[in-house]
Amino acid sequence: MPTASTRVPQQERSRATQTRLLEATVDCLVEHGWSGTTTTVVAARAGVSRGAQLHHYPTKAALVTAAVVHLADRRATELRSEAEALPAGPQRLDRVIDLLGAAFTGPLFVAALELWVAARTDAELRDALVPLEARIGREMHRLTVALLGVDERRPGVREAVQATLDLLRGLGVANLLSDDSARRTALLHTWKRQLATLLTPDAGPADRHPPADPPPGAPTHHRP
């Protein structure tokens, strides 16, 4: 019968196997898309047996949704850690938006997009994904409020935060097929100034950011 001393290493090995499977799943989603991410490919990439993969995650939907949760939790922890080094004062808002912008162009966002598209025609995946995305959305909103240090009880603050996240999500989609960094930089440069005003509605004209000029080298044409 296993003793307490033997159960701990077993639990650690089990967690390590799960972590390898989840990280391999995200890598496969990014590299091969939904259709190319099979449980067999993931198990091989993670270096675990097919039986071990089925023991922890019996279906593909269970595996990929767990992988997104794993990466979302890890990225939220990283964002909080990175935010500890951010400066106070007016520069903080700019840096927070930059951090969030990076999150909407990283592996988590690419993997999530693969699942969103696949879930449109896959009922099992959609049933698993809808509550997961609602949870991640709520947590990202709360995290953004905390990073910006704003009070959602003030009129307009919640909407300004959500508009920021929706903007970043849309820019992330635009960046998926080609490098859209120049346009994204120009748009975010302007939005940061607008957001500062929206988050400080009682500030006088002297306290608000002046209208921003596009950064050097930014394109001036509109993209359809």
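Helices (DSSP runs of H or I, at least four residues) and strands (DSSP runs of E, at least two) are numbered from the N terminus. With that in hand I read the chain from its N terminus and found the order α-α-α-α-α-α-α-α-α, which amounts to nine helices and zero strands.

**Entry 1: what I am looking at**

I noted that this is a predicted model, in which local features need pLDDT of at least 70 and side-chain atom pairs count only at pLDDT 80 or more, while totals for chains, interfaces and linings use all residues. Residues are numbered from 1 along each chain as its sequence is written, and side-chain values use heavy atoms, with hydrogens and water left out.

I looked up burial for the whole chain, where buried means under 20% relative accessible area, exposed means over 50% and partly exposed lies in between, with a 1.4 Å probe and protein chains only. Of the 224 residues, 38% count as buried. I then turned to contacts, meaning heavy atoms within 4.5 Å, and found that among those between residues at least 6 apart in sequence, 62% join residues at least 24 apart.

I asked which residues of helix 5 are buried. They are Leu93, Val96, Ile97, Leu99, Leu100, Gly101 and Ala103, and what covers them includes helix 4, helix 6, helix 7 (123–148), helix 8 and helix 9.

Axes here are lines fitted to C-alpha atoms, for helices over the stretch in contact, and angles run from 0 to 180 degrees between N-to-C directions. The axes of helix 5 and helix 9 come within 10 Å and cross at roughly 125°. That makes helix 5 oblique to helix 9, since angles under 35 degrees count as roughly parallel, over 145 as roughly antiparallel, 65 to 115 as roughly perpendicular and the rest as oblique.

On the helix 5 side I listed Leu93, Asp94, Ile97 and Asp98, which meet Leu188, Lys192, Arg193, Leu195, Ala196 and Leu199 in helix 9. The residues of this contact divide into six nonpolar, no polar and four charged, where Ala, Val, Leu, Ile, Met, Phe, Trp, Tyr, Cys and Pro count as nonpolar, Asp, Glu, Lys and Arg as charged, and the others, Gly among them, as polar.

**Entry 2: lysine 192**

Not counting residues up to four places away in sequence, lysine 192 touches Leu93, Asp94, Ile97 and Asp98. I also found a polar contact of 2.7 Å between the side chains of lysine 192 and aspartate 98; such a contact is a pair of N or O atoms within 3.5 Å, and within protein one must be able to donate a hydrogen and the other to accept it, while residues adjacent in sequence count only if both atoms are side-chain atoms.

**Entry 3: arginine 75**

I then looked up arginine 75, which has its place in helix 4 (residues 60–83) and counts as buried at 17% relative accessibility. Leaving aside neighbours within four places in sequence, arginine 75 is in contact with Glu82, Leu99, Ala103 and Leu108.

**Entry 4: helix 6 against helix 8**

Last, I checked helix 6 (residues 107–119) and helix 8 (residues 157–174), which pack at about 85° with their axes 11 Å apart. That makes helix 6 roughly perpendicular to helix 8.
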